[in-house]
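Please work through the following exercises with the sequence and the coordinates at hand. Each task is followed by a solution in steps.

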Amino acid sequence: MVYVTSQRKDIVRNEGFRTVIIMKIDFSGLESTAPLCGASSEMFDGFSTSPSFQIPDTTDFDDFQKEAIQMVKPAKGTTTLAFIFKEGVMVAADSRASMGGYISSQSVKKIIEINPYMLGTMAGGAADCQFWHRNLGIKCRLHELANKRRISVTGASKLLANILYSYRGMGLSVGTMIAGWDEKGPGLYYVDSEGGRLKGTKFSVGSGSPYAYGVLDSGYRYDMTIEEAAELARRSIYHATFRDGASGGVASGMLCFIMWDQPDGRSYLVMTLGNFTICTIQLNQPLSSRRCPKLEFLCYSI
Amino acid sequence: MARYDRAITVFSPDGHLFQVEYALEAVRKGNAAVGVRGTDTVVLGVEKKSTVKLQDSRSVRKIVNLDDHIALACAGLKADARVLINKARIECQSHRLTVEDPVTVEYITRYIAGLQQKYTQSGGVRPFGLSTLIVGFDPYTDVPSLYQTDPSGTFSAWKANATGRNSNSMREFLEKNYKETSGQETIKLAIRALLEVVESGGKNIEVAVMTKEHGLRQLDEAEIDAVVAEIEAEKAAAEAAKKAPARES
C-alpha cells in the first residue's frame, strides 16, 4: 500500500492498490483564442477546454514541487534596474548568465523589447523570462488589434502578473520590470513569479540589486538630463557587477532608454556592437501613433 | 454533448436565419427607444407604456447604467435584457480589474454584440430578443458615443437612432431633423423624436441624459413636461407662422 502524504484530495485518486496523481495544469496563459464551442463555456461552468497532462508518479508531489522551486530559487543571478526621471524611463542591466558557478555567457541581452514602446527586463530563469515576455507581446498586439488603441503599461503588467500568478508554486522564476510609455506618460512596474506586482519609480532586481540600489538611491534626482541618468544607471550596474559574482564581471552591459517626444520626430533603434560601441539606426517608418509619443532608444555599454 | 438538442438557429435554404429574424420581430413589438448624440451630451429616451395603477413605477427602470460612464436602453424582451445587462456589468468591472482602465463604449458594445451572436450559433439556445442602444463617454477623452446592437449580433455607431415600436418613423424624423446639437438642444431633439410616436406627456416618456461631468441623470416628470411644453409651443408657433403668410397672400 502506498501512503500518499499529500493533503490535496482533488488531485489524488486511488485506483486499487496504486495511487495515481492527476493534476490539471492551467494553460490559459498560452491560449489566445476564444473558447471552442459557443455555449459550452457558459452552459457548463466547470468545463475546462485547456489541455492537461499527467505528472510523473511520485510518492510525494508536494515535496517534488518544493524541490523544483528550490532548484531555481538562487538563480536570479543578475542585476537589472529601471527608474523614471524627467525625460522618460531608464532601463539598465548587466549581461552575464550563470548556471550555478559556471558562467554560461557574458553577452546576454537582458532587456527584452515587448513591443516598440515597452521594454521588459530579465531576471531569474532566462527561458521563463524570454518566453513569457514574448507571450506578453502577443497579448499586447492582440489587444491593440481588438481595441484599436495601444495597451497601457498598467494593463500589460497586469496581464503578465495574472499569468505568473496562475503558475504560482510551479517553479517559474521571473523577476521582471515592465517599463514603457502610454497615454499617461512613462510607466514602470515590477512583476515577479510569486504573483507580485508593484508600481513605482525606481526598481532594481536580482542578486546584485542591493549594490545597485546603494548607488542608485544616493545619486537619483528626478530632474536629471539624459546623459546624467545614463551615467547613473551605468555606474549602478558597474558597482553591482564589481561586488556580485553572479552579475557581469567583464565590463559589458546594455542600457536602453525611451524618450518622450523627440523634436525632430525620428525614431531610432540602437544596438551595442561589442563592449564600447554605440550604433544608432534610424528606422524607415516612425514608431509612433496619433496618441503616443515618438520613441528613441539609446544604448550604451559599460 | 447529447444533453442539449439540435440547434434552434439553423439556416433556411435561401440563406436566412429565421430565429434571428423572429427575434427582430420581437424587438419591433417592444417599446420605442431613441438615442441622440450631441457634441457634449448623449440622450436616451424610452417610451413608457401607460402605468398600471398599482405598480410602483420606480421599480421599472428602462434606462440603466452599465458603469459610471456608460448607459443602456433597450427594446424587446425585458427578461433577456436583465441577463444581458448583468453580464455586461460584470464585464465592465472585469475589464477595470485586468487592465485598470474603464471600458470604452466600443469595447462593451462589442462584448454585448458578441454575446448576442454567440446565442445565434449554439445548440439548444435561442437568440436574445432585444436591440440595445448604448451610450457613453470614452475614458480620457470627451468624445460621446452612441452604439446600437441587434439580435443577430451586429453593432454600429450612430449619430442618432431609434429601435422598437415605430422605429422607422422615428428614424425618418431624425434623418430629417438631425443637426449637431449640445446640451438642452440634444434633449429636445430626442424628445421630439419620441413624441412622433408616443402620446405627449411626462407620464409616457422616460429620458436620461449623460454628460462627461455628471454621468447619467434621469430627468424627472416635471422636467420632461417642461421640455414637452416648450416643444408644443414651438410647434404651435410654427403652425401660426405657416397660416399667417397664407392669409396675407
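The exercises below concern a predicted model.

**Exercise 1. Helix packing between the chains**

Determine how helix 4 of chain A is oriented to helix 2 of chain B, and which residues meet.

Solution. 
- Step 1. Two packed helices are described by the angle between their axes and the distance between the axes.
- Step 2. The axes of helix 4 (residues 153-166) of chain A and helix 2 (residues 78-99) of chain B come within 7 Å, and they cross at roughly 90°.
- Step 3. Angles of 65 to 115 degrees count as roughly perpendicular, and helix 4 of chain A is therefore roughly perpendicular to helix 2 of chain B.
- Step 4. Helix 4 of chain A contributes Thr154(A), Gly155(A), Lys158(A) and Asn162(A), which meet Leu97(B), Thr98(B) and Val99(B) of helix 2 of chain B.
- Step 5. Sorted by class, this contact has 2 nonpolar, 4 polar and 1 charged residues.

**Exercise 2. The sheet of chain B**

Solution. 
- Step 1. Strand 3 of chain B pairs with strand 4 (residues 70-76) of chain B over 4 bridges; Asn65(B) has Ala71(B) in strand 4 of chain B as its bridge partner.

**Exercise 3. Strand 8 of chain A**

Identify the pairing partners of strand 8 of chain A and the directions of its side chains.

Solution. 
- Step 1. Strand 7 (residues 111-115) and strand 8 of chain A form a hairpin with 2 residues between them, and their antiparallel pairing runs over 4 bridges.
- Step 2. Strand 8 of chain A also pairs with strand 9 (residues 175-182) of chain A, in the antiparallel sense over 3 bridges.
- Step 3. Leu119(A) is the bridge partner of Glu113(A), and Leu119(A) has Ala179(A) as its bridge partner in strand 9 of chain A.
- Step 4. Met118(A) and Gly120(A) point one way, Leu119(A) and Thr121(A) the other way, and all are buried.

**Exercise 4. Cysteines**

Solution. 
- Step 1. A disulfide requires cysteine sulfur atoms within 2.5 Å.
- Step 2. Over all chains, the structure holds 0 disulfides.

Notes. Residues are numbered from 1 along each chain as its sequence is written. Chains are lettered from A and ligands numbered from 1 in the order in which they are written. This is a predicted model: local features need pLDDT of at least 70, side-chain atom pairs count only at pLDDT 80 or more; totals for chains, interfaces and linings use all residues. Side-chain values use heavy atoms; hydrogens and water are left out. Axes are lines fitted to C-alpha atoms, for helices over the stretch in contact, and angles run from 0 to 180 degrees between N-to-C directions. Angles under 35 degrees count as roughly parallel, over 145 as roughly antiparallel, 65 to 115 as roughly perpendicular and the rest as oblique. Contact means heavy atoms within 4.5 Å. Ala, Val, Leu, Ile, Met, Phe, Trp, Tyr, Cys and Pro count as nonpolar, Asp, Glu, Lys and Arg as charged, and the others, Gly among them, as polar. Two strands pair if DSSP finds at least two bridges between them. Buried means under 20% relative accessible area, exposed over 50%, partly exposed in between (1.4 Å probe, protein chains only).
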